[in-house]
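The stops below are given in the order in which to select them.

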Amino acid sequence: SKMKNKIAFAVVALMLTTFACALPFGDGALLKDDFSKPDSGWSSFSTENASAQYASGEYAIKVFRETWFSWGNAGERNLSNVHIEVTAKNFSKTDDVVFGIICAYQDKDHYYYLGIDWTGSYTIARLNGDTSDAEVFLTNNNRWARSDDIPKKAASYRLGADCGNDTLTLYVDGKQIASAKDSTFAKGDVGLFVSTQKTKNVEVRFDDFVVTGLR
């Protein structure tokens with residue numbers, strides 16, 4: 001009978017786990033991950049160009065070549081009207097690396113991204129296809145800009161993004177940096193990205209990823 005009890009307990013535990021996934025967390029979060037469990041559903045891959053992997057309780061994205069954009073997704077298809085937060089650390093300590101948050105991800109050629117670099121520059125952008133003119137920076141007349149509210153060469157940044165109500169807003173360490181209007185994509189997956197220009201072999205690590213609903 002001891003064995004029977006064990007089986008019954010396992011079934012109940014499984015049911016509880018299933019419910020936990022379907023309902024928001026007690027603190028109102030729709031999705032949260034501290035990357036301590038490597039099977040929590042984020043993209044994991046390694047190619048000659050880039051890799052994304054769980055690493056010692058963080059999520060590490062590495063880019064091995066120049067002018068390359070790499071990302072990982074949480075695996076949620078239908079998130080809409082959300083606020084996303086993550087802690088980002090420029091592990092390779094290179095100036096020439098851009099990193100941030102992806103939202104309303106449809107597929108590899110259709111999504112929004114909100115990012116910064118280590119020198120205090122930022123952008124909010126839309127990728128809508130795979131042609132050269134499909135990438136549009138929605139802030140500062142389609143250009144990158146610099147903000148004094150983004151600390152230069154910080155050990156880590158708490159990045160935030162609002163994606164919803166036809167608006168995209170970027171936050172760094174709790175301060176609003178920029179906002180843009182766009183209604184191309186209403187919902188989709190969320191993710192994290194790292195991108196290079198002239199530098200190769202960069203690494204950014206992410207931790208404490210949280211998604212909450214926008215009011």
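Select Cys103 first. In this predicted model, Cys103 has a relative accessibility of 1%, and since buried means under 20%, Cys103 counts as buried.

Show the side chains of both. What joins Cys103 to Cys163? A disulfide does, with an S to S distance of 2.0 Å. Check the torsion about the S-S bond of Cys103 and Cys163: it is about -85 degrees, so the disulfide is left-handed. The disulfide count for the model is one.

Stay with β8 and look across to its partner, β16. The two strands pair in the antiparallel sense over seven bridges. To find one point of contact, select Ile101, whose bridge partner in β16 is Leu192.

Next, select the whole of β16, residues 187–196. How many of its ten residues are buried? Nine are, so the strand is mostly covered.

Two further strands pair with β16. Select β5 (residues 69–73), which runs antiparallel to β16 and is joined to it by five bridges. Here Phe69 has Ser195 of β16 as its bridge partner. Then select β6 (residues 79–80), which pairs with β16 over two bridges, again in the antiparallel sense. End the tour at Ser80, whose bridge partner in β16 is Lys187.

Key. Residues numbered from 1 in each chain as written. Predicted model: local features only at pLDDT ≥ 70, side-chain atom pairs only at ≥ 80, totals over all residues. Heavy atoms only, no water. Disulfide = S-S within 2.5 Å. Buried < 20%, exposed > 50% of the residue type's maximum accessible area, 1.4 Å probe, protein only. Helix = DSSP H or I, 4+ residues; strand = E, 2+ residues; numbered from the N terminus. Pairing = 2+ DSSP bridges.
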